[in-house]
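Here is a briefing on one protein model. Have the sequence and the coordinates open as you read.

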Amino acid sequence: GSNFIAGVFIQTMNKKMSIYDAMMRGLLTPGTALVLLEAQAASGFLTNPVTNEKLSVKEALTAGLIGRDFYEKLLSAEGAVTGYTEPYTGHRISLFQAMKKEFIVKEHAIRLLEAQIATGGIIDPVHCHRVPVEVAYQRGYFDQEMCQFLSNPKNQTRSCFDPNTHENLTYTQLLRRCVPDPDTGLLML
């Protein structure tokens, strides 16, 4: 998956910037910036829209793409791709398993799963590929209740604030409003 929101484009200045930079300049609320960055991390990596670099959360912090204030939350989001380490056994577990064991808050897990669905499908942390919601359910990545919840578009979380229209939208709705960067093809808000 690569169709996530990579950054912000200021048309009047013909300038692109990272989501974190846009937040620091007051163009995005901290809540929206966090949701957008979590969606990137939950899709596999953080992207610098200016250089088109793809970085892990740790690399993004070192490169100044994100700040320490978001680091732990983005590491947690990155676990949606890499899996989570079960603290008692050391086994690698999925996002849903981590949610069931209350290592990650349910609302947060749902937001990460929604971001994965919007950007190409649920990521299998063992085999590192994407699968549709129904296939993820069939493979036991989550239960029937979660499958039905995720399959219903009416249940999507409206956690993204569109700075252009001042509406609260789902990640998918905000994604549809983005424009592709002519240089990189990355989607920009």
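F142 touches F96, I122, V133, A136, Y137, C147 and L150, leaving out residues up to four places away in sequence. This is a predicted model. F142 is also among the residues with the most contacts inside the largest nonpolar core.

**Nonpolar core**
- The largest nonpolar core has 64 residues.
- Inside this core, the most contacts belong to L36, L46, I66, F142 and Y171.
- Helix 2 (residues 30-42) gives the core its largest share, eight residues.
- As background, nonpolar side chains tend to be buried together in soluble globular proteins.

- S43 sits in the loop between helix 2 and strand 3 (46-48).
- Is S43 buried or exposed? Its relative accessible area is 6%, under the 20% cut-off, so S43 is buried.
- The side chain of S43 makes a polar contact of 2.9 Å with the side chain of T119.
- Beyond four places in sequence, S43 is in contact with F4, V81, A115, T119, I123 and R130.

**A115 in helix 6**
- A115 lies in helix 6, which spans residues 106-118.
- A115 has 3% relative accessibility; this is under 20%, so A115 counts as buried.
- Setting aside neighbours within four places in sequence, A115 is in contact with A39, S43 and Y171.
- One of these partners, Y171, is among the core residues with the most contacts.

**K16 in strand 2**
- K16 is part of strand 2 (residues 15-17).
- Which residue does the side chain of K16 meet in a polar contact of 2.5 Å? The partner is the side chain of D181.
- Not counting residues up to four places away in sequence, K16 touches V8, F9, P49, V50, D181, D183, T184 and M188.
- Two names in that list, V8 and F9, return in the pocket described next.

**Largest pocket**
- The largest pocket has a volume of about 270 Å³.
- Its lining has 14 residues, and V8, F9, Q11, N164 and L189 lie nearest the centre.
- Strand 1 (residues 5-10) supplies the largest share of the lining, three residues.
- What is the make-up of the lining by class? There are nine nonpolar, three polar and two charged residues.

- N52 is not a glycine, yet its phi is positive, at about 65°.
- N52 lies in the loop between strand 3 and strand 4 (53-55).
- N52 has 29% relative accessibility; this falls between 20% and 50%, so N52 counts as partly exposed.
- E102 also has a positive phi of about 65° without being a glycine.
- The place of E102 is the loop between helix 5 (95-100) and helix 6 (106-118).
- E102 has 71% relative accessibility; this is over 50%, so E102 counts as exposed.

Terms used. Residues are numbered from 1 along each chain as its sequence is written. This is a predicted model: local features need pLDDT of at least 70, side-chain atom pairs count only at pLDDT 80 or more; totals for chains, interfaces and linings use all residues. Side-chain values use heavy atoms; hydrogens and water are left out. A nonpolar core is a set of buried Ala, Val, Leu, Ile, Met, Phe, Trp, Tyr and Cys residues joined through side-chain atoms within 4.5 Å. Buried means under 20% relative accessible area, exposed over 50%, partly exposed in between (1.4 Å probe, protein chains only). Helices (H or I, at least four residues) and strands (E, at least two) are DSSP runs, numbered from the N terminus. Contact means heavy atoms within 4.5 Å. On a 1 Å grid over the protein atoms alone, a cavity is a set of points where a 1.4 Å probe fits but cannot get out, and a pocket is an open set with protein on both sides within 12 Å along at least five of seven lines; lining residues have an atom within 4 Å of a point. Grid points are joined across faces, edges and corners, and a volume is the space filled by probe spheres set on the points. Ala, Val, Leu, Ile, Met, Phe, Trp, Tyr, Cys and Pro count as nonpolar, Asp, Glu, Lys and Arg as charged, and the others, Gly among them, as polar. A polar contact is a pair of N or O atoms within 3.5 Å; within protein, one must be able to donate a hydrogen and the other to accept it, and residues adjacent in sequence count only if both atoms are side-chain atoms.
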